[in-house]
Amino acid sequence: MKKAGRVVLIIVLVAVLLGAVCIGVGLMTGADTMRIYSALDSRYNIGAYQEAYTAYAGEVIGAVTEAWQGPAA
Amino acid sequence: MNAPAYSQAEVNDIIKQKFLAELGKLLTFMYEEDRQTALAMYSKMFDDAADERDLVHYLISPTRQAVVIARAYNARVRKLQVESQSREQDGAEAEAAPDFVLAIDQLYREYFPSQEQNAQVLADQFSLFEEAQPVEEEPEPRAPVSAPAPAPQPAPPAVQEEAEQLVAETVEELANPAPASTADAVEEVFAAANAEASVKQDDVDSFLEDFSVPAELPPEEEPYEEEPAWPEEEPEPLPYRDEPQTVRKPRVFLLILFVLLAVPITLAGVVLLLIPTLFFLALAAVCIVAGAAVLVAAFSGFQILADFLLLFGAAVVLLALGLLALWLFVWFIGGAIAGLISGVIGLGQSWCYKEVSA
């Protein structure tokens, strides 16, 4: 278990380092986050998911707030 | 002592058969061909002896002879000898005699010193065990005068025949033991041999003293197995670690109390540990799914290398985080929760059980 955990940790660190290097190189070579977002939005409809999750989170927060203020009132 | 109801020849034959039967049982560590060869040589020794009682006095006991053969017998070397001999079967020069044959032959020559001087007679005697060889003077002092090695495979027909006959006689002897009077006579001979053995002291005796394992034997076999040269002292018990035998007994009241307390506490702990466990499982699922989606998007929808690198880096980081979260999930399941349960059980065993001597 301990040895397996060490192996997993090494793999994770190497992958994170590699990802960080790729992100840094991409940003330095002119990657545009807005262009990427628009491309992903057109592909996966990220905006719709974001609006849905925002609305759901607002409902949950409102319900919790009501429940919290209800007994106090 | 009852008067023997059998003739001297019959008593001698029974002595020989009993000696060989006992020796045959002790030589089971040898290859079958070698065992039969050894038994045939001893049988021949009995046949050539003028007085078999005197020969038994000389040989002392089957156990002693088994030790003599065992000291001269190396099964691994013997196997190599047989294999090499079977390869060089045609036209090969005579192999050196096996050590156990030399040992028996030395006994033979010591017991029949007059026949050692007559090489022709000895060659005739040992022609039973091997093919006829010309009489030559061997440079090696222990080598038989005219007896090169009998090849165990294929065994000479004469040896096979005599060995089979010997085995048949042995089986018959064991199945139909001699009457009491004859057995008494035989035992008398062996007892006398043992009494004589108490005087002799050589390397075989010291070997028997070193490796003797006292064991209870059937009363009729005592004259064979008991070597008077052996120490008469009581067998010492085998050394063992002084660990007292203990049994675990539960303290019932404490055990019930512990169960009543430990079960709800353990369940609560498991539930508490399940929260981060499931959280890490969900996080792992989200990260892996998101990372895979970003990776697919990076390879499929972006033409600019900088954008591709950015997405590829993000996908790798997401997958790495997913792997980390998955490992934490596994650690919580197999390490934390299982450790909590086993720890509570171990605590209960140490608190609620006591060890008492059996």
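## Contact between the chains

In this predicted model, 23 residues of chain B are in contact with 24 residues of chain A, contact meaning that C-beta atoms placed from the backbone lie within 7 Å. Helix H13 (252-301) and helix H14 (305-352) of chain B each supply at least two residues of the side that touches chain A; helices are DSSP runs of H or I of at least four residues, numbered from the N terminus. The largest share of that side, 19 residues, comes from H14(B).

Residues are numbered from 1 along each chain as its sequence is written, and chains are lettered from A in the order in which they are written. Local features need pLDDT of at least 70, side-chain atom pairs count only at pLDDT 80 or more, and totals for chains, interfaces and linings use all residues.

## Packing of H13 and H14

H13(B) and H14(B) pack at an angle of about 170 degrees, with their axes 7 Å apart; axes are lines fitted to C-alpha atoms over the stretch in contact, and angles run from 0 to 180 degrees between N-to-C directions. H13(B) is therefore roughly antiparallel to H14(B), a term for angles over 145 degrees.

## Helix H1

In helix H1 (residues 8-26) of chain B, 14 of the 19 residues are buried, so H1(B) is largely enclosed by the rest of the structure. A residue is buried if 20 or more other C-beta atoms lie within 10 Å of its own.

B:Leu23 touches B:Leu39, B:Tyr42, B:Pro62, B:Gln65 and B:Ala66, not counting residues up to four places away in sequence.

How values were computed: Two residues are in contact if their C-beta atoms, placed from the backbone, lie within 7 Å. A residue is buried if 20 or more other C-beta atoms lie within 10 Å of its own, exposed if 12 or fewer, and partly exposed in between; C-beta atoms are placed from the backbone. Angles under 35 degrees count as roughly parallel, over 145 as roughly antiparallel, 65 to 115 as roughly perpendicular and the rest as oblique.
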